[in-house]
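Some lead sentences come first, followed by points grouped by topic.

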Amino acid sequence: MMKVIEADRQPLAKCPSGIPGLDEITNGGLPRGRPTLVCGTAGCGKTLFSMEFLVKGAVEYDEPGVFIAFEETAEELAQNVRSLGFDLDDLVDRGKLSVDYVHIERSEIEENGEYDLEALFIRLGFAIDSVGARRVVLDTLEVLFGSLSDEGILRAELRRLFRWLKDRGVTAIITAERGEGALTRHGLEEYVSDCVILLDHRVTDQVSTRRLRVVKYRGSSHGTNEYPFLIHEGGVDVLPITSVGLDHEVSRERVSSGLERLDAMLGGKGFYRGSSVLISGTAGTGKSSLSATFVEATCRRGERAAYFAFEESQNQIVRNMQTIGIDLAPHLASGLLMFRTARPTAQGLEAHLATIFRIVRESRPQVIVLDPITNFVSVGSTEQIKLMLIRLVDYLKLHQVTAMFTSLTHGGEASRAESTDTMISSLIDTWLLLRDTESNGERNRVLYVMKARGTPHSNQVREFVITPTGIQLVDVYVGADRVLTGSARLAQEARERAEILLRSQEVERKRRDFERRRTELEARIAALRSEIEVGEEEMLRAVEESYGREAQLLQDRNDMARIRRADSDRSEGGPG
Amino acid sequence: MSDDPGSMMSEGVAPEGGEPWRLRLYVAGRSPKCVAALENLRRFCEERMPGQYEIEVVDLLENPRLAKDDQIVAIPTLVRRLPEPLRRIIGDLSNAERMLVGLDLKARD
């Protein structure tokens, strides 16, 4: 999109214009001590552009200026630029600026013989001397072609004028009307050859876009693209698309999304500060709820947030978020949160951009939400929206503002929904996708992290459940070849719980069975053992009895023998 | 150009009434164009309205502020301050015929 801007080889003195962006494109500003031609169609902003050059010179660089106006009186001019915050009267009073309205009333003037424009030189010289001017604007010199009929004299005098300006060493802007097929109607580019800047104001579908191009810059490299520029409450801003975009500081600091589970999916810490986050999804998938959660968390940390709502009113959003447990009202009251609600069609893309820039500049929010960006389709083509977002993202990165954009995708088809945002996805650091899944007669929301630059992020899908106490991210049921959410997930989980219960009951039963059998067997062992014991006792008793009987028999025999005295000798030595 | 037919004057007739013409010639130093313009103006007035005119010469190199105050761009510039309306002629006034028209002494073609 843009040629590489090389470092200047030969040092050419430059005069910083003070117009944001222009000095980057021109590598430092306009050629110092030389005239620059600024041309464009009527209403392209030539006058405001050149006036900002003078005002910035006087205020920021201590270089007083002279404005020679050919079309507007000093009063008209002062009034016209007051809306940009320039107080010309004050600058004139402080001797920083001189405004001279050169007026030639054609009907009052008669030409007779030879003349020159020495009086104009005298006026200019006097004005330069009176304030010690280093900068001069001639707006629009071409009016002279309509006032004076002798073009030969005029051209000779213009050539002399430009030489004179160089001799005076002032950095000058000469404005000119764009001509048919030429840069200027009267060929002023012929005299001013050092630097030519072209301004353009196009209106497409009632939406205006201003662009600036450095057509020529002798002795200096410069950006050759057309750069968008804005005229807003604070003056003129030129927006170099890439030079800012890739030079901005990057932060390692992380900011929480407000959802612990989401932070966990993003490497455990949330978004990088100053990064841009895109949330895309079909209608009703919870994009605004996610944004509100983020904003609420931001304000709870004590940071400022700006919520740009292009679809709903502030009250509606606050009320709706309250029903899901996100209370924005205290933050609105404390001033940490500000809402800007506007229909996209209320103004052109440029004006929207200007509004956002102004709020970022003035209110310094750390977080902004644009909800949704897709509504801009009604005021610009996809390409224009992309360009606008490039500029916006660059600007926000420069100011370390974390941005969250929501994007409404259409159609249930997932692949299409995702491709709609592909166009802008290159600008986006973190891309979250909210999707409906439809099964078993119900819709459930799931959240994916499509991309997260510089973060190890989860590739898992989470079910996105909006509850009366806020958003919850729930693990989905991931089966062999399917992902289940909602009641299907619940049913699956119930089924699993039942299975587990069944399995444990089975084990328990088996255990009890075994216990019973063991008891049984042990009882039988006990019975057998008692049987053994019984047998043993009987046997012992029998043995005893038999011993007893033999002893009795012996006793009896002895008794008998004693009684019979059959052998008395033996009976005396006998056991008795 | 005056819209009032009564103020239209015929060729060669000096302005009527007692009020003298008040003419102011803006010059820048003594450049040939400025010198020529002053000579041409004096000659013209002597021929057309002797004794009935006042010529004031303003050198812008000496009074540069007047260039802005009196809206002067070209040099030399002749301004007819009276009679009204204000008229301006730029150039060295070398064409007497055009002077008549420029000063409203003769109807334009």
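The model is a predicted one.

- B:Thr77 has B:Ile90 of β4(B) standing opposite.

**Chain B as a whole**

- Chain B contains 3 helices and 4 strands, and along the sequence these follow the pattern β-α-β-α-β-β-α.
- Of the 109 residues in chain B, 43% are buried.
- Where contacts in chain B join residues at least 6 apart in sequence, 65% of them link residues at least 24 apart.

**A buried residue of chain B**

- B:Gln71 is located in the loop between α2 (65–69) and β3 of chain B.
- B:Gln71 counts as buried because its relative accessibility is 19%, and the cut-off for buried is under 20%.
- With neighbours within four places in sequence left aside, B:Gln71 is in contact with A:Tyr101, A:Val102, A:His103 and A:Arg123 of chain A, and with B:Leu66 and B:Arg88 of chain B.

**Chain A as a whole**

- Chain A has 18 helices and 25 strands.
- Among the 576 residues of chain A, 49% count as buried.
- Chain A has an accessible surface of about 27,900 Å², and 49% of this belongs to carbon and sulfur atoms.
- For contacts in chain A with a separation of 6 or more, 69% are between residues 24 or more positions apart.

**A covered strand in chain A**

- Strand β4 (residues 65–69) of chain A is mostly covered, with 5 of its 5 residues buried.
- Both faces of β4(A) are covered: one side carries the buried residues A:Gly65, A:Phe67 and A:Ala69, and the other carries A:Val66 and A:Ile68, also buried.
- β4(A) pairs in the parallel sense with β5 (residues 97–101) of chain A over 5 bridges, and A:Ala69 has A:Tyr101 in β5(A) as its bridge partner.
- A:Tyr101 is also one of the residues in contact with B:Gln71.
- β4(A) likewise runs parallel to β7 (residues 135–139) of chain A, to which 5 bridges join it; A:Phe67 has A:Val137 in β7(A) as its bridge partner.

**Two packed helices in chain A**

- Helices α13 (residues 349–363) and α14 (residues 382–398) of chain A pack at an angle of about 10 degrees, and their axes are 11 Å apart.
- The helices α13(A) and α14(A) are therefore roughly parallel to each other, as angles under 35 degrees count as such.
- The residues that meet include A:Leu353, A:Ile356 and A:Phe357 in α13(A), and A:Met388, A:Leu392 and A:Tyr395 in α14(A).
- By class, this contact of α13(A) with α14(A) has 10 nonpolar, 2 polar and 3 charged residues.

Key: Residues numbered from 1 in each chain as written. Chains lettered and ligands numbered in written order. Predicted model: local features only at pLDDT ≥ 70, side-chain atom pairs only at ≥ 80, totals over all residues. Heavy atoms only, no water. Pairing = 2+ DSSP bridges. Axes fitted to C-alpha atoms, helices over the stretch in contact; angles between N-to-C directions. Parallel < 35°, antiparallel > 145°, perpendicular 65-115°, else oblique. Contact = heavy atoms within 4.5 Å. Nonpolar A, V, L, I, M, F, W, Y, C, P; charged D, E, K, R; others polar. Buried < 20%, exposed > 50% of the residue type's maximum accessible area, 1.4 Å probe, protein only. Areas by Shrake-Rupley, 256 points an atom, 1.4 Å probe, with all protein chains shown as cover.
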